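Biologist: Could you walk me through this model and tell me what stands behind the words you use for it?

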Amino acid sequence: MHVFDNGAALAEGLAEAVASALSAAVAARGTASIAVSGGSTPKAFFKALSGKALDWPNVTVTLVDERFVAPDSDRSNEKLVKDNLLIETAASAIFQPLFYPTATAEEAAATVSKQTAAIGCPFDVVILGMGGDGHTASFFPGGSRLAEALDLATPRGVMTMEAEGAGEPRLTFTFSSLQDARLLVLHIEGAAKKDVLAKAEAPGDEAEMPIRAILRRAASPLQIYWAP
Ligand SMILES: O=C1O[C@H](COP(=O)(O)O)[C@@H](O)[C@H](O)[C@H]1O
């Protein structure tokens, strides 16, 4: 667990670690991929990362999960990323959205799964968040397709999810897509999230707190970044 004095220090420390992982990926393979979370936590980290000197035109940025809402909605994770990460030097990165204006979320999921088949095998970097209910990505307790999403045998790609706590229908990369990232990070802030993490680390059903799937079964070591 990487502990920082405050959110600003965490944002800078995490941005440094991610920039270094993306640079190493570009040096090794010519391109790099990163999947980031939405929600309220990552804004300062996005801003810190956006100014890093990287070969951004060879970096693909995508989302771990998305709400099935238009990209101009304040609920859109794509909007959050465009407003806070794809600016400054990072404006030249390639962005792969999860939302498409299809009739259904299922159609968007099928489209994105095809488009992302060539990236994220594995992702160079995955940044996960965690909700107060123990969800991560759009793996929500009580989610309509939670068991399928968390099954390692479910192929890499994007699927739909609906849940009472989720608001709109969701699009989410599957557990198999995220758990083997070369750099796998859980970014949480505040005492309440620390308590949720402690609860998730205790014995209990994965379906009650889906973050447990990552804590228990991820192939990559999980780097936890926390600040009060
Ligand atoms: O719904 C979501 O929430 C989680 C956590 O968000 P936060 O506001 O508590 O930081 C986020 O990781 C996920 O990507 C997002 O879609």
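Modeller: Happy to! Let's start with the ligand: one of its oxygen atoms is 2.5 Å from an N or O atom in the side chain of Thr 41.

Biologist: Why is that called a polar contact?

Modeller: The term covers a pair of N or O atoms within 3.5 Å. At 2.5 Å, the Thr 41 pair qualifies. So does the side chain of Asp 65, with an N or O atom 2.6 Å from a ligand oxygen. Ser 40 uses a backbone N or O atom, 2.7 Å from a ligand oxygen. Taken alone, the ligand exposes 390 Å², of which the protein buries 88% (Shrake-Rupley method, 1.4 Å probe).

Biologist: Before we go on, what kind of model is this?

Modeller: It is predicted: local features need pLDDT of at least 70 and side-chain atom pairs 80 or more, while totals for chains, interfaces and linings use all residues. Residues are numbered from 1 along each chain as its sequence is written, and side-chain values use heavy atoms, without hydrogens and water.

Biologist: What makes a set of residues a nonpolar core?

Modeller: Its members are buried (under 20% relative accessible area, 1.4 Å probe, protein chains only) Ala, Val, Leu, Ile, Met, Phe, Trp, Tyr and Cys residues, joined through side-chain atoms within 4.5 Å. The largest one here has 74 residues, with Val 18, Ile 34 and Val 61 having the most contacts inside it. Helix H1, residues 7–29, gives the most to this core: 9 residues (a helix is a DSSP run of H or I, at least four residues, numbered from the N terminus).

Conventions. Buried means under 20% relative accessible area, exposed over 50%, partly exposed in between (1.4 Å probe, protein chains only). Helices (H or I, at least four residues) and strands (E, at least two) are DSSP runs, numbered from the N terminus. A polar contact is a pair of N or O atoms within 3.5 Å; within protein, one must be able to donate a hydrogen and the other to accept it, and residues adjacent in sequence count only if both atoms are side-chain atoms.
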